[in-house]
Amino acid sequence: MSQMIQITVPGSATGKRLSAYLAEAGYPLHADCGGRGKCGKCRVTLVSGSFAVDPDGVTMAVPDSNGQLLACRVWCSDREAIILLPVSEGEGLTVQAEEAPSTDLSTCGIALDIGTTTLAAALVNLENGTVLRTISRLNPQKSFGADVMSRIGAVMENPENLRIMQNLLLEAVRLMLRELTGGAPVPSMTVAGNPTMLHLFCGVSPAGMGAYPFTPAFTDTQRLAGSELNLPVDHVTLLPSISAFIGGDITAGMLSLGITDHDEPVLLVDMGTNGEMILFTGKKHGAKLYGTSTAAGPALEGAGISTGVGGIKGAVCGVKFNGFSLEVETIDHAPPVGICGSGLIDLIALLLGQGILDETGYLEEDPFPYAKDLTLTGGDIRAFQLAKSALRAGMEVLCETAGVSPRELSHICIAGGLGYYMNVHSAVTVGLLPDCPRQNMTAIGNSALQGAAKALCDPSLISQIARDAATCETVELNLSPSFSDKFMEYMMFPWEEA
């Protein structure tokens with residue numbers, strides 16, 4: 001059972017959506033659906049007082065039989081209310097380095113990766129590039145939706161949400177810096193992230209990316225004084241993006257991988273909420289860069305799944321079949337509280353292998369119990385199919401545009417926390433990855449953070465990133481005549497008759 005905390009909502013909050021008030025007060029709840037009342041993950045328990053079902057407070061909201069309300073669908077009234085809300089914080093799927101001994105912080109800097117779901121930061125020795133310590137936590141902007149379009153929509157709906165989301169993000173970063181440095185200032189910080197996250201970090205409206213022609217306010221390198229963001233850092237550098245949805249996280253990943261040094265074709269895929277990917281044809285084959293992004297949605301990061309969670313303590317991150325029953329592996333070996341992306345891929349692969357799930361996505365036993373009090377539903381399978389189909393079809397179209405067959409790829413590099421923990425065999429079984437030789441597939445972890453650390457230590461590399469970003473050809477999947485066909489094709493699961 002989740003730990004509960006009691007919160008008093010004052011009458012002065014009248015007219016504010018409850019989920020927005022809680023986020024501003026430092027208690028962000030999950031709202032995977034973007035506040036549309038669909039996911040049910042922002043439930044709070046009403047102890048006393050009341051809320052309204054419209055901003056003017058005319059009609060009072062009625063709790064359900066469990067005394068619960070959806071925080072995204074009620075507004076604060078002029079009466080004080082007391083609520084209980086669950087606490088489910090976690091660090092996210094990021095590899096943690098050992099804590100380093102005390103060091104001279106004047107020779108250190110911070111690398112930061114702002115993910116839609118997870119924030120990760122590293123304390124780096126600027127003189128030799130050694131990563132002294134890393135830390136991660138879930139992105140507190142979750143109250144405004146699990147994907148970038150939900151958060152862009154929140155700003156378009158109410159410009160005040162830009163300030164709230166920036167404050168949430170910056171406060172989380174301050175806490176991370178305090179843990180890394182003890183609150184002492186450092187000379188510099190380099191930041192990677194998708195374009196929406198970089199805009200929100202700076203307090204710049206991402207509204208231009210909310211509708212065609214999807215125009216960001218900036219894609220080039222941004223340099224700020226830490227004082228502008230009230231951060232204990234002298235200088236802050238945001239790495240350049242390629243387009244509205246191909247960001248500084250993937251360009252940092254390109255740097256980390258040294259992608260343009262390869263002779264043969266290489267594909268880099270960052271399997272986040274916004275699936276970004278870069279293909280380099282290789283120096284022997286024209287040395288061209290192609291990039292695209294696909295709206296994979298948050299299913300692979302636990303959102304949009306009925307019992308899905310992020311990389312929190314107790315998240316099911318791996319599933320095996322011992323011949324008689326399923327065995328689950330959880331983060332920190334804690335009792336299971338839900339399932340995250342890597343566990344979901346394993347579970348679906350096993351269900352396919354056991355014939356409980358067919359190639360269309362029909363689940364014979366719906367809901368299917370995978371752990372105590374936790375089940376997978378047919379709706380969860382469909383959410384996963386949409387995510388994996390978008391990613392796989394995007395890979396295929398990118399290869400097609402570059403004139404490279406997936407089997408010609410010398411390396412398929414899977415980035416991100418999910419990529420580090422993902423079982424490659426399971427990913428091929430469910431059709432998320434092409435059926436290529438396994439030795440060609442590599443999980444490289446958080447390449448965005450690695451690239452940010454590299455650029456932090458050698459700022460001249462930022463010019464290289466900018467040049468690569470400028471020469472990369474962006475493939476617009478919505479303009480590709482074959483994307484929709486491939487998307488429908490990969491909705492199906494691979495199937496072999498027994």
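## Second largest pocket

A pocket is an open set of points, on a 1 Å grid over the protein atoms alone, with protein on both sides within 12 Å along at least five of seven lines. Grid points are joined across faces, edges and corners, and a volume is the space filled by probe spheres set on the points. In this predicted model, the second largest pocket has a volume of about 600 Å³.

Its lining (residues with an atom within 4 Å of a point) consists of 24 residues, and Phe214, Phe245, Ser293, Ala295 and Glu476 lie nearest the centre. Helix H2 (148-157) and strand S15 (289-294) are the elements that give two or more residues to this lining; S15 gives the most, with 3 residues. Helices (H or I, at least four residues) and strands (E, at least two) are DSSP runs numbered from the N terminus. By class, the lining has 13 nonpolar, 9 polar and 2 charged residues. Ala, Val, Leu, Ile, Met, Phe, Trp, Tyr, Cys and Pro count as nonpolar, Asp, Glu, Lys and Arg as charged, and the others, Gly among them, as polar.

## Second largest cavity

A cavity is a set of grid points where a 1.4 Å probe fits but cannot get out. There are 2 cavities of 30 Å³ or more. The second largest cavity has a volume of about 40 Å³ and is lined by Thr251, Met254, Leu255, Gln464, Ile465 and Asp468. Helices H5 (248-257) and H11 (461-471) each supply at least two residues of that lining, which divides into 3 nonpolar, 2 polar and 1 charged.

## Helix packing

Axes are lines fitted to C-alpha atoms, for helices over the stretch in contact (heavy atoms within 4.5 Å), and angles run from 0 to 180 degrees between N-to-C directions. H3 (residues 160-181) and H4 (residues 195-202) have axes that come within 7 Å and cross at roughly 90 degrees, so H3 and H4 are roughly perpendicular (65 to 115 degrees). Leu162, Met165, Gln166, Leu169, Leu170 and Val173 of H3 meet Met197, Leu200, Phe201 and Cys202 of H4. This contact has 9 nonpolar, 1 polar and no charged residues.

H7 (residues 378-402) and H12 (residues 483-491) pack at about 135 degrees, with axes 8 Å apart.

## Basis

Residues are numbered from 1 along each chain as its sequence is written, and side-chain values use heavy atoms, without hydrogens and water. Local features need pLDDT of at least 70 and side-chain atom pairs count only at pLDDT 80 or more, whereas totals for chains, interfaces and linings use all residues.

Conventions:
Parallel < 35°, antiparallel > 145°, perpendicular 65-115°, else oblique.
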